[in-house]
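Work through the exercises below with the sequence and the model open. Each task is followed by a solution in steps.

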Amino acid sequence: GTLIANPYTESYFKFTKYADYEDSNLLLHETDGHLYSIQSGLYQDAGLPINIFTRTARLDGGNLDNKILAEVDVIGEKTVDFMMMRWSDDDCTTFSKYRRVNLNYKRPSLRRCGNFERRTIENRYIGNFPLRLSALELEIGK
(Lines give C-alpha, C1' and ligand atoms only; values in the text may rest on other atoms or scores of the structure.)
Protein backbone atom coordinates (compact mmCIF):
# COMPACT_ATOMS: atom_id res chain seq x y z
CA GLY A 1 0.00 0.00 0.00
CA THR A 2 0.87 3.64 -0.35
CA LEU A 3 1.77 5.66 2.73
CA ILE A 4 0.02 9.01 2.97
CA ALA A 5 1.54 11.68 5.21
CA ASN A 6 -0.67 12.90 8.03
CA PRO A 7 -1.55 16.54 7.19
CA TYR A 8 -2.43 17.28 10.84
CA THR A 9 1.03 16.98 12.34
CA GLU A 10 2.19 19.46 14.95
CA SER A 11 4.86 21.99 14.09
CA TYR A 12 5.97 25.53 14.82
CA PHE A 13 5.64 28.82 12.91
CA LYS A 14 8.41 28.45 10.30
CA PHE A 15 8.63 32.05 9.15
CA THR A 16 11.42 34.44 10.04
CA LYS A 17 10.65 37.75 8.30
CA TYR A 18 7.52 39.84 7.75
CA ALA A 19 6.73 42.68 5.31
CA ASP A 20 3.61 44.71 4.60
CA TYR A 21 3.66 45.33 0.84
CA GLU A 22 0.76 46.98 -1.01
CA ASP A 23 -1.74 45.85 1.65
CA SER A 24 -0.41 42.28 1.60
CA ASN A 25 1.06 40.56 4.67
CA LEU A 26 4.10 38.67 3.40
CA LEU A 27 6.19 36.13 5.31
CA LEU A 28 9.53 34.58 4.41
CA HIS A 29 9.84 30.84 5.10
CA GLU A 30 12.93 29.95 7.14
CA THR A 31 14.21 27.19 4.82
CA ASP A 32 12.53 27.14 1.39
CA GLY A 33 12.96 30.87 0.63
CA HIS A 34 9.38 31.26 -0.61
CA LEU A 35 7.17 34.20 0.25
CA TYR A 36 3.77 33.38 1.74
CA SER A 37 0.84 35.68 2.39
CA ILE A 38 -1.47 35.83 5.38
CA GLN A 39 -5.06 36.70 4.53
CA SER A 40 -7.57 37.95 7.05
CA GLY A 41 -10.67 35.80 6.91
CA LEU A 42 -8.75 32.64 5.99
CA TYR A 43 -8.04 30.28 8.87
CA GLN A 44 -6.33 27.42 7.06
CA ASP A 45 -2.81 26.68 5.85
CA ALA A 46 -2.63 25.66 2.18
CA GLY A 47 -6.21 24.35 2.37
CA LEU A 48 -5.58 22.29 5.53
CA PRO A 49 -6.90 23.07 9.01
CA ILE A 50 -4.58 24.75 11.48
CA ASN A 51 -4.36 22.54 14.56
CA ILE A 52 -4.82 24.79 17.61
CA PHE A 53 -3.95 22.91 20.79
CA THR A 54 -3.89 24.11 24.41
CA ARG A 55 -3.16 22.28 27.66
CA THR A 56 -3.67 23.64 31.17
CA ALA A 57 -1.27 23.16 34.03
CA ARG A 58 -2.29 20.46 36.51
CA LEU A 59 -5.26 21.77 38.46
CA ASP A 60 -5.59 20.62 42.07
CA GLY A 61 -6.80 23.64 44.06
CA GLY A 62 -3.82 23.33 46.39
CA ASN A 63 -4.72 19.90 47.75
CA LEU A 64 -5.36 16.30 46.71
CA ASP A 65 -8.92 16.14 48.05
CA ASN A 66 -11.48 14.51 45.76
CA LYS A 67 -13.26 17.18 43.70
CA ILE A 68 -16.27 17.16 41.36
CA LEU A 69 -16.00 19.12 38.14
CA ALA A 70 -19.64 20.05 37.60
CA GLU A 71 -19.07 22.32 34.60
CA VAL A 72 -16.38 23.83 32.38
CA ASP A 73 -17.32 27.09 30.63
CA VAL A 74 -15.31 28.32 27.65
CA ILE A 75 -14.91 32.10 27.82
CA GLY A 76 -14.36 33.95 24.54
CA GLU A 77 -15.99 35.22 21.37
CA LYS A 78 -18.78 33.19 19.80
CA THR A 79 -17.86 31.18 16.68
CA VAL A 80 -20.13 29.06 14.49
CA ASP A 81 -18.11 25.91 15.15
CA PHE A 82 -17.08 23.28 17.69
CA MET A 83 -13.98 22.74 19.83
CA MET A 84 -12.92 19.41 21.32
CA MET A 85 -12.05 19.04 25.03
CA ARG A 86 -10.62 16.16 27.04
CA TRP A 87 -8.74 15.71 30.33
CA SER A 88 -6.25 13.59 32.18
CA ASP A 89 -6.23 12.71 35.87
CA ASP A 90 -2.89 10.86 35.81
CA ASP A 91 -0.31 13.46 34.71
CA CYS A 92 -1.12 13.09 30.98
CA THR A 93 -0.50 9.33 30.86
CA THR A 94 -4.07 8.63 29.69
CA PHE A 95 -6.91 10.90 28.57
CA SER A 96 -10.68 10.83 28.47
CA LYS A 97 -12.39 10.76 25.09
CA TYR A 98 -12.79 14.14 23.42
CA ARG A 99 -16.11 15.88 23.99
CA ARG A 100 -17.51 18.54 21.63
CA VAL A 101 -18.11 22.09 22.87
CA ASN A 102 -20.45 24.21 20.75
CA LEU A 103 -18.70 27.59 20.50
CA ASN A 104 -21.83 29.20 19.08
CA TYR A 105 -23.75 28.91 22.37
CA LYS A 106 -24.17 32.00 24.54
CA ARG A 107 -22.11 30.20 27.20
CA PRO A 108 -20.21 27.26 25.62
CA SER A 109 -19.74 24.59 28.27
CA LEU A 110 -19.48 20.94 29.22
CA ARG A 111 -21.37 19.56 32.20
CA ARG A 112 -20.91 16.44 34.35
CA CYS A 113 -17.14 16.25 33.94
CA GLY A 114 -16.51 13.71 36.71
CA ASN A 115 -14.38 13.40 39.84
CA PHE A 116 -10.68 14.13 40.15
CA GLU A 117 -7.88 14.94 42.58
CA ARG A 118 -5.58 16.60 40.04
CA ARG A 119 -6.59 17.29 36.42
CA THR A 120 -5.09 18.63 33.19
CA ILE A 121 -7.49 19.86 30.48
CA GLU A 122 -6.67 19.82 26.75
CA ASN A 123 -8.50 21.70 23.99
CA ARG A 124 -8.20 21.18 20.23
CA TYR A 125 -9.65 23.31 17.43
CA ILE A 126 -9.21 22.74 13.69
CA GLY A 127 -12.05 24.87 12.30
CA ASN A 128 -11.98 27.51 9.59
CA PHE A 129 -13.25 30.37 11.75
CA PRO A 130 -11.49 32.87 14.01
CA LEU A 131 -10.87 31.50 17.51
CA ARG A 132 -10.56 34.10 20.26
CA LEU A 133 -10.73 32.47 23.68
CA SER A 134 -9.61 33.97 26.96
CA ALA A 135 -10.28 31.45 29.75
CA LEU A 136 -11.83 28.28 31.06
CA GLU A 137 -14.13 28.78 34.04
CA LEU A 138 -14.48 25.71 36.26
CA GLU A 139 -17.34 24.97 38.65
CA ILE A 140 -15.77 22.66 41.23
CA GLY A 141 -17.46 21.06 44.23
CA LYS A 142 -16.54 18.48 46.87
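**Exercise 1: Gly 47**

Gly 47 belongs to the loop that joins β4 (44-45) to β5 (48-49). The model is predicted.

Task: decide whether Gly 47 is buried or exposed, and state what separation its C-alpha atom has from that of Lys 142.

Solution. 
- Step 1. The relative accessibility of Gly 47 is 54%.
- Step 2. The cut-off for exposed is over 50%, so Gly 47 counts as exposed.
- Step 3. Gly 47 and Lys 142 are 95 residues apart along the chain, and their C-alpha atoms are separated by 46 Å.

**Exercise 2: the second largest pocket**

Task: describe the second largest pocket by its volume, then say which residues and strands line this pocket.

Solution. 
- Step 1. The volume of the second largest pocket is about 160 Å³.
- Step 2. The lining has 16 residues, of which Thr 54, Met 83, Asn 123, Leu 133 and Leu 136 are the closest to the pocket centre.
- Step 3. At least two lining residues come from each of β6 (52-55), β12 (120-125) and β13 (133-141).

**Exercise 3: two positive phi angles**

Task: for Asp 91 and Cys 92, find what phi is, where each residue lies and how each is classed by accessibility.

Solution. 
- Step 1. Asp 91 has a phi near 55 degrees, which is positive although the residue is not glycine.
- Step 2. Cys 92 also has a positive phi without being glycine, with a value near 65 degrees.
- Step 3. Asp 91 sits in the loop between β8 (82-88) and β9 (99-102), and Cys 92 is likewise in the loop between β8 and β9.
- Step 4. The relative accessible area is 45% for Asp 91 and 28% for Cys 92.
- Step 5. Partly exposed covers the range between the buried limit, under 20%, and the exposed limit, over 50%; therefore Asp 91 is partly exposed, and so is Cys 92.

**Exercise 4: Leu 138**

Solution. 
- Step 1. Ser 109 is 29 residues from Leu 138 along the chain, with a C-alpha separation of 9.6 Å.

Technical notes
Residues are numbered from 1 along each chain as its sequence is written. This is a predicted model: local features need pLDDT of at least 70, side-chain atom pairs count only at pLDDT 80 or more; totals for chains, interfaces and linings use all residues. Side-chain values use heavy atoms; hydrogens and water are left out. Helices (H or I, at least four residues) and strands (E, at least two) are DSSP runs, numbered from the N terminus. Buried means under 20% relative accessible area, exposed over 50%, partly exposed in between (1.4 Å probe, protein chains only). On a 1 Å grid over the protein atoms alone, a cavity is a set of points where a 1.4 Å probe fits but cannot get out, and a pocket is an open set with protein on both sides within 12 Å along at least five of seven lines; lining residues have an atom within 4 Å of a point. Grid points are joined across faces, edges and corners, and a volume is the space filled by probe spheres set on the points.
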